Structure formats: C-alpha cells, structure tokens
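Biologist: I would like to learn how to read a protein model feature by feature. Could you take me through one slowly, giving the general idea before each case?

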Amino acid sequence: MNTNSKGKGPKGGENRPPVIQGPTNSMVTPLLTDLYQFTMAYAYWKAGKHNERAVFDLYFRKNPFGGEYTVFAGMEECIRFIANFKFTEEDIAFIQASLSPTCEAGFYDYLRGIDCSDVEVYAISEGSVVFPKVPLMRVEGPTAVVQLLETQFVNLTNYASLVATNAARHRFVAGKSKLLLEFGLRRAQGPDGGISASKYCYIGGFDATSNVAAGQLFGIPLRGTHSHAFVSSFMGTDEITDKSLRSCDGKSVCKDFVSLAQIWLSKIKRASLLIGIFGETNQSELAAFISYALAFPNSFLALVDTYDVMRSGVPNFCAVALALNDLGYKAAGIRLDSGDLAYLSCESRKFFRVIEKEFNAPGFGKMNITASNDLNEETLDALNKQGHEIDAFGIGTYLVTCYAQAALGCVFKLVEINNQPRIKLSEDVSKVSIPCKKRCFRLYGKEGYALVDIMTGENEPPPKVGERILCRHPFNESKRAYVVPQQVEELMKCVWPGSPDKPREELLPLKEIRDRCIKQLDKMRPDHMRRLNPTPYKVSVSAKLYDFIHFLWLNEAPVGELQ
C-alpha cells in the first residue's frame, strides 16, 4: 500500500492515523505554482471571500493523439501533495518578497495557518479510461486554499495521463502477447520526466523499464543488457582471461568456455542448411558475446547489429547460446536496433529454427527477438502489416516525450461557490464549462461494453439498471439518445476527506492500478480504440442538467444591442 501505519496510540491499543508520504518529487511543494494563484489568494482574503466554499472540476477538453480515449493518471501524487500541504517560514518569506509591498501582514499569517484539512477531493480511480468534459477530480474547500492547489493538480495529472495514454496506445497496436519495454530515460525531459514516464508507462500497459531509479521507487520490473559500446570495446577473444564457467546445476566446470563457443561456431558454419549464409564472423563481436555470457549465463541476451546481423551477429550469438546450452543454461535472445526490423527478425527466426533442427536444440527456434530503434505507434503498425517475428519491443523517445502531442490540456474550473452554480462562457463552445457539483456514471450495454458516460446534478436520482434514461449532448440539442443500461458504474469516489484517518478510497499499489487500466481498456468497444478514424465515445448530461446548463448560459450571457 502507499499509506503507511506506524506505531500505536498513547495507550498502546489504538493505531495512529495512517501516514501518507509526500510527493515522489520533493520539488512538488506549495510554491510549485503560478504567481497569480497567490495574487488571487490575497485578493480573495482582502475581499473576505477566502473561506467561501468553492467547488472546482479538473477535466480535459479533447482526447490526445487523435484518439477517442484517455487513461487517467497522477491522482495519487495529488493526494500525497495535499496530505502534506503546509507553508514553511522560508516559503512565506519568499512569497512576501514576491508580492506587492502593499499586501497586508495578516495575509501571511493566514498562509501560515492553512492546510488541506477542510478540503475534500472526489476522483475517478487512477488507471481508469476517461473522456473529455467528465471531471477527473472534483475539489471542494475554502476558495483561496483550493485555488492554491490548481497548478500542482493540473501539473501532476496532465503529463501523467498523456504518457499513460501514449503507452496504452502502443500496447493496443503491439498486441497483448508482446513484451513492451520502456527505454526512454536518456531522451526524457529531465530527471522528473524520466521517472514519471517509467511510472505511468507501466500503468498504461508496458511490462518493464530500463530506469533503475523507477524500479527502486515503484517496484517496476527492470530490463536491459548491453550497448554497441560493449561489443566494440573488445578486440578479440585473447582479452578474455577467465574462461571458465560452472554448469547450471553446479556439478561441473567448463575450463575453456571460449573454445566451446568457437567449436559451436565451426559446427554452425558447416551445417548443411546454413551453407552460404555467412562466412567468417567478426571475432571481436564473438569475444564480447562470450564475455557477456560468462558474466550473465542465466540471462544472456545479445545486441546483434553492431557489425552485420545475419553474417556475424546471429551466428555468433547462436554459437555462444549453444555453448551455454551444453552447460544447462538457456540464452534469453537477441536485440535488433537498426535495419529492416521485419526482414531481419524473420531471417533470424529462420536461422534459429534451422539451429533447433540441425543440432537437436529444443525450443531454440522460439528464441526471443527484441527490437528497438526509435519505434512508435506508426512503426509498430507498419511492422504488423509487413509481418515480423519480434517478441518484444524496446520503445523510448517517441513514447516518453509524447512526440505526437505535447500536452493533454487539463483545466481546473470553478463550477460552484457557496452552493451557487457558476459557468464559464466562451465563443468556442468546447471551452464552455459544465456548472454545479455533479455525479458521473458510466452506462454499460448488453455485450458488457461501455456505451456512454452521463453527468447528473448532485441531487438527481442516479441511473438504474434496466430503466430507460435520456442522455443529452451538453451543448448540441439535436444529439440525444435513450439508454437502458445493463450495468451502472458511479465513477467518482472520495479520495481525500480532509485527513488520512477519515473513511476514503485507499491508494492502491502501482500493479493494481495497472491491472485496472488493462481491464478498463478491455471493456471498451474496439471501434473506440482503433488508431485510425475511431468512433467517438458519447459523453452526455441528464435532461435536467441539460436544461439547467442552458438556463444558466442565457442568464449569464450579456444581451447585445443592435444600433
């Protein structure tokens, strides 16, 4: 769990309230915000409005990457932040130096005393599939305090949801059977970008990361072998001084593993089905493979494209793998990092199958083939259409930088204050907010797929299974439909009731959030998920909320006058 209970009460019988650790990144503090949050907070305080009860919705307006779904992520970090929200004296001093000298001293005393004990947060579960306009989080509390949470909440959910969605899209194209490895640390936008990418790509369906720090922090499985530099650092087999290798069962020792690998290379070269495929392989590459196998005999995976994949890399790998096989080990496979990946993977698979047949090596034909080299959704799709034999994909730059779209565009809008609904109007209808405190439901059809999300007023009766309900587009009066749901799921739950010891939804381990994401994606209709021209998912409001939105819209919009 991400909450930690420590110790006993003063009498030794009661547990202390669970402690929620601070944000993963220590830079996430009350000062990680925009200056106008403090200028507004002062203006609220000056006007005596700072303690008025406000409700804000955090949502986004459009699905990313040209798709029709988004994966919600980053909620846990928001809760970690508010659970530890407090200004230090150093913070107060800097704020005071940054604001106008006309600001009254009482405001800084007010800042010293605030925390999030009077704030409530309701949210959709992290890892859920979500859609535009539906609130991801609803934040209620004193106006000034909630206003001071805006920038951090948007920052913590924006990239997290974007990269989790990017990962989910890569998973959808690759297919469920493929191993997906996140290799993006070196190309990520700074250390926090790298850590966040590893965490949220795992939620989105990736299986492992190369990022050791992320493995330590979040328990994500680690994967990685060696680079071209390791291969090219060797000049020949005479550099290998310790040539011995104990067998897998520990009962014997091969005193000259180098010679064993060289013998196997000669056998492969003479194999009838492989004659003419390769001649003399690169001996420095062979030395590198042997050296790596001696270091990691249980997990030997070789990068085979430093010199020539089919004329050197694959034959050298097979020689070392067969030598390991003699000692009871099983090689892990190869990695391709350049060239025509579809063609090379197919040729490598043919080579492995010949080895299995020629030398009676069961399972060798199914040797794992990993591919990397600036992969993205488009290249994965192209590989599928070409036909390939790749088992695992290592994906970095295009994944973690979200190269196809820079930001999700989350917003944080006031929807109610002192029980009075508020609306934000715009000539651009997509930017009109949906007012008042709302409940959100997902309605499922007979086949188990999600049909529509519907928002209702807080006090409206919820949709019921088997009862017909009218679902209306929030702004387009002609778009409406009746739905008879076979399952109704309420989306928003209390994740922060003001303190960690009050009843709330627990923060789940990362693996459970990942499992939820995978299950949710499985519940989506395939036409909503496809890469090209996906069917838009319907987001609606109840008839009563629709009427209220348009009443408030007309009430708040100024009436023009023609001259």
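Modeller: Let us start with contact, which means that heavy atoms lie within 4.5 Å. The model is predicted, so local features need pLDDT of at least 70 and side-chain atom pairs count only at pLDDT 80 or more, while totals for chains, interfaces and linings use all residues. Residues are numbered from 1 along each chain as its sequence is written, and side-chain values use heavy atoms, with hydrogens and water left out.

Biologist: Which residues does Pro485 touch, not counting residues up to four places away in sequence?

Modeller: Pro485 touches Leu443, Tyr444, Lys464, Val465, Gly466 and Glu467. Pro485 lies in the loop between β21 (480-483) and β22 (487-490). From Tyr36, Pro485 is 449 residues away in sequence and 44 Å away in space, C-alpha to C-alpha.

Biologist: Is Pro485 buried or exposed?

Modeller: Here we use relative accessible area, with a 1.4 Å probe and protein chains only: buried means under 20%, exposed means over 50%, and partly exposed is in between. Pro485 has a relative accessible area of 0%, so this residue is buried. Leaving out residues up to four places away in sequence, Ser125 touches Phe72, Leu491, Lys493 and Arg516.

Biologist: How many helices and strands does the protein chain have, and what size of box do its C-alpha atoms fill?

Modeller: The protein chain has 18 helices and 24 strands, and its C-alpha atoms fill a box of roughly 90 × 60 × 55 Å along the principal axes. Of its 563 residues, 53% count as buried. If we take contacts between residues at least 6 apart in sequence, 73% of them join residues at least 24 apart.

Biologist: Which residues touch the most other members of the largest nonpolar core?

Modeller: A nonpolar core is a set of buried Ala, Val, Leu, Ile, Met, Phe, Trp, Tyr and Cys residues joined through side-chain atoms within 4.5 Å. The largest one here has 166 residues, and Phe153, Phe257 and Phe317 touch the most other members. Setting aside neighbours within four places in sequence, Phe257 is in contact with several residues, including Lys243, Leu245, Ile290 and Leu327. Apart from this core lies another, of seven residues, among them Leu443, Ile454, Ile469 and Cys471.

Biologist: How is a pair of aromatic rings described?

Modeller: The distance of the centres and the angle of the planes describe such a pair. Rings of Phe, Tyr and Trp (its six-membered ring) pair if their centres lie within 6.5 Å; planes under 30 degrees apart count as stacked, over 60 as edge-to-face and the rest as tilted. The structure holds 23 aromatic pairs. In one of them, the rings of Phe352 and Phe364 have centres 5.8 Å apart and planes at 70 degrees, so this pair is edge-to-face. The pair links distant parts of the chain, twelve residues apart, with Phe352 in helix α13 (residues 341-358) and Phe364 in the loop between α13 and β14 (368-371). Phe352 is buried at 0% relative accessibility, and Phe364 is buried at 6%.

Biologist: What kind of pair do Phe548 and Phe551 form?

Modeller: Their ring centres are 6.3 Å apart and their planes are at 35 degrees, so the pair is tilted. Phe548 and Phe551 are separated by about one helical turn because they stand three residues apart in helix α18 (residues 543-556). Phe548 is partly exposed at 28%, whereas Phe551 is exposed at 52%. Elsewhere, Tyr42, Trp45, Phe107, Tyr108 and Tyr110 form one aromatic cluster.

Biologist: Where is Lys133 found, and what is its phi?

Modeller: Lys133 is in the loop between β6 and β7 (137-142), and its phi is near 75 degrees, a positive value in a residue other than glycine. Asn418, in the loop between β16 (411-417) and β17 (420-421), also is not a glycine and has a positive phi of about 50 degrees. Lys133 is buried, with a relative accessible area of 12%, while Asn418 is partly exposed, with 37%.

Definitions and conventions: Helix = DSSP H or I, 4+ residues; strand = E, 2+ residues; numbered from the N terminus.
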